[in-house]
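Hi,

Here is the structure I promised to pass on.

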Protein chains: 2
Amino acid sequence: MTVGGLRAKVRAIGDDIENTERYRVVPGASFSLLDYDPNGTKTFDGNKKESQEVFDRLNQRLEDLQELLYADGRHKVLIVLQGMDTAGKDGAIRHIFDRTNPQGVKVASFKRPTPLELAHDYLWRAHAQMPGSGEIVIFNRSHYEDVLVVRVDALVPEERWRKRYHHIVELERLLADEGTTILKFFLHISKDEQKERLEARLADKEKLWKFDKGDLAVRAKWDAYQAAYEEALARTSTSFAPWYVIPANKKWYRNLVISKIIVERLEALGLKHPEPQDLAGVTVV
Amino acid sequence: MTVGGLRAKVRAIGDDIENTERYRVVPGASFSLLDYDPNGTKTFDGNKKESQEVFDRLNQRLEDLQELLYADGRHKVLIVLQGMDTAGKDGAIRHIFDRTNPQGVKVASFKRPTPLELAHDYLWRAHAQMPGSGEIVIFNRSHYEDVLVVRVDALVPEERWRKRYHHIVELERLLADEGTTILKFFLHISKDEQKERLEARLADKEKLWKFDKGDLAVRAKWDAYQAAYEEALARTSTSFAPWYVIPANKKWYRNLVISKIIVERLEALGLKHPEPQDLAGVTVV
């Protein structure tokens, strides 16, 4: 990771991939995960090797934008990553943010809640981790688990988790109204692809630590999870906190599309350096 | 403060004061602070001296209920206190909660936000302080300051603070849906009463430390604050998080009514000790 100075000249980059809008879940429109091909690479006219240069330019641009976001200090950015096991949440973070400055970028992981967390409402721990001004916070899993695993495993009654779509939308509305840009990515892999990835973990000594027997129990509930994701995405994709369904069977394409969307949204913020103070007559002695 | 055992027998107490409902701000109904007399003592047929025994019994009952709430562990309780300077927020806390156990009762004071707090949305610091299971948390001032002083002093544009009524209602809905009982008290004093109390602070060496010149600047904006309170109470009093306008010129009556309402609401929760574990054959060796 390098933390370079801000490039003076903004280059038009990533124009090779267009129409990332096709992956956005449109509020109010009918929505089915079946309409999204986990193998898709439609927005890029080329293969993995050819994508590398585009991805490198996006990475460079993201580095610049993150530094500018930090200097500007008026905006906060929340990025939510969700997906089945092996969908690539860790890999996406590692590759997409490998040049950004950890001073302004934090990852919050949401695992099994602690007793203290369970003693509070389920959004308590999520709200606590939200970005401050100038920050990017990446949620590796998130408050959405409270309508996913909680639903699939019936950890609370349906009448209780069903109210949560509304709560979540309203918390995100608050955040957006108060200056947070919110981007939510569902990393969409196929069940066959997951099988291959789990087998790869089993076969590779260096990947074996990532294998968790519990993942197989979750895999056995694949259809229930897809249904839970489908409803969650449909009910909580809003103009101020959209969901994107990212084809994630191909890792290079997953990274390319997520990078592109983040860069596009940061570009649209109109970030700028703060006005310099009046420095007339100031000398360094 | 004593932490006594739970009395076996629940006594009917505080029945001398009735109709505390008259102080509740009814959602959707027309509402004017002018309809509420700060001098009122209408629900109690007696004077300060005669009220003492009733208040003592309420205090005792609150001690028992708080211990039961803690043991029960299924409910959380949030109590919000707001009012102009000298309205008696500190005094109400000291008198009403003087027997409760600090292990289960916390006071959160909201003063001028820190830079870290200002870097987040305005409800961030309030959410962080919300009660956990079995806890009572008392907000001495609260997130409502973000539609009070923020409005009166135009700290953010109107289009921004006006959205906050909705945010606040929705955060409180989340809390209520997830098991929090919410009670909000506006300690209603008259402008003349505030004058006397401020003068008393100036005249008494032991009270002088509480005098803040800044209070006079706030007092000069009395009408703007009353208008801000009036709209805030009207827009955010809900079935799940009601506001009560408490006549607060007479301190004894203020304490009596708040105690009564808290006791009534805790009684209604149906608190009980958890089912004992199966202890057949257990001996202490």
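Helices (H or I, at least four residues) and strands (E, at least two) are DSSP runs, numbered from the N terminus.

Housekeeping next. This is a predicted model, where local features need pLDDT of at least 70, side-chain atom pairs count only at pLDDT 80 or more, and totals for chains, interfaces and linings use all residues. Residues are numbered from 1 along each chain as its sequence is written, chains are lettered from A and ligands numbered from 1 in the order in which they are written, and side-chain values use heavy atoms, with hydrogens and water left out.

Now β5 in chain B. Five bridges join β4 (residues 180-188) of chain B to β5(B), and the two run parallel. Five of the five residues of β5 (243-247) of chain B are buried (under 20% relative accessible area; exposed is over 50%, partly exposed in between; 1.4 Å probe, protein chains only), so the strand is largely enclosed by the rest of the structure. In a regular strand the side chains alternate between the two faces of the sheet. Both faces are covered here: B:W243, B:V245 and B:P247 are buried on one side, B:Y244 and B:I246 on the other.

Over in chain A, you get eleven helices and five strands. The strands form an open parallel sheet in the order β2-β3-β1-β4-β5. β2 (105-109) and β5 (243-247) of chain A sit at the edges with a single partner strand each, so one side of each has no neighbour in the sheet. Further in, β1 (residues 76-83) and β3 (residues 136-140) of chain A pair in the parallel sense over five bridges, with A:V77 opposite A:I136.

As for the whole chain, 52% of the 285 residues of chain A count as buried. Its C-alpha atoms fill a box of roughly 70 × 45 × 40 Å along the principal axes.

Finally, how do the two copies relate? Chain B can be laid on chain A with an RMSD of 0.0 Å by a turn of 180° and a shift of 0.0 Å along the axis (superposed by least squares on the C-alpha atoms of residues with pLDDT of at least 70 in both). That is the relation of a two-fold axis. The copies meet through the same surface, because 100% of the interface residues of chain B are also interface residues in chain A (contact means heavy atoms within 4.5 Å).

Cheers

Terms used: Pairing = 2+ DSSP bridges.
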